[in-house]
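Open the model in your viewer and keep the sequence panel beside it. The stops below say what to select and what is there.

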Amino acid sequence: GSWPTRRSRFALDSLGNLWAVHRTELFAWKDGQLHGRAKLAHEISILFADRAGTLWIGTEDGALEEMAPDTPEKRAHLPGIPKQNVFQARNGDLWLATDQGAFRQRDGQWRQISKKDGLPTDYVKTVYEDREGNIWLGTGGDGLIRLRQKILDTYSQRDGLSSDDAISVLEDRDGRVWLGTFEGGLNVLE
């Protein structure tokens, strides 16, 4: 059979299990079979598996739930804040892109990074870490931000980007940072 691709999400955990979401349902592909795992009240917009195998499930109502792969119990985090993206840095910090800035979880504690901390906007769409440990924040309308220790560098259309609506960031093996934009195409920073 085929899997409906509209509004579906996938994640691979550290044990090699494939997790799939369709609308409000979470499934696990184990031992060659699809198993229903959970049904949530709201449509699932984010599915992420961290290095420990914990699943992070974000729903359209702004909930973020943490679920260990071997238990159906879930633990809620930062309710009511719509999440765009989840990313885990090499040091284990978990980063969230939200419409209220970026949030970083370190040692179980969440810290918000927003306009009051110097970001040009609170609307963060994506988070990425490059090989030097810089954190890149793609924003919805204010370009790309690089967090380097305590320094913020901003790249926008004024600097040559084709759009300030940054939806994805990736570094290639040569150290170039690629930026995917909404309606603006692909950009590269060297």
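**Stop 1**

Select Leu 18, which lies in strand S2, residues 18-22; strands are DSSP runs of E, at least two residues long, numbered from the N terminus. This is a predicted model, where local features need pLDDT of at least 70, side-chain atom pairs count only at pLDDT 80 or more, and totals for chains, interfaces and linings use all residues. Residues are numbered from 1 along each chain as its sequence is written, and side-chain values use heavy atoms, leaving out hydrogens and water.

Leu 18 counts as partly exposed because its relative accessibility is 33% (buried is under 20%, exposed over 50%, partly exposed in between; 1.4 Å probe, protein chains only).

**Stop 2: the largest pocket**

Next, select Trp 95, Arg 104, Leu 147, Gln 149 and Lys 150, which lie nearest the centre of the largest pocket among its 20 lining residues. Strands S11 (101-106), S12 (109-113), S15 (144-148) and S16 (151-155) each supply at least two residues of this lining.

**Stop 3: after strand S19**

Move to Glu 190, in the segment after strand S19 (185-189). Is Glu 190 buried or exposed? Glu 190 counts as exposed, because its relative accessibility is 81%. Now select Val 177 as well: its C-alpha atom is separated by 6.6 Å from that of Glu 190, although the two are 13 residues apart along the chain.

Methods
Helices (H or I, at least four residues) and strands (E, at least two) are DSSP runs, numbered from the N terminus. On a 1 Å grid over the protein atoms alone, a cavity is a set of points where a 1.4 Å probe fits but cannot get out, and a pocket is an open set with protein on both sides within 12 Å along at least five of seven lines; lining residues have an atom within 4 Å of a point.
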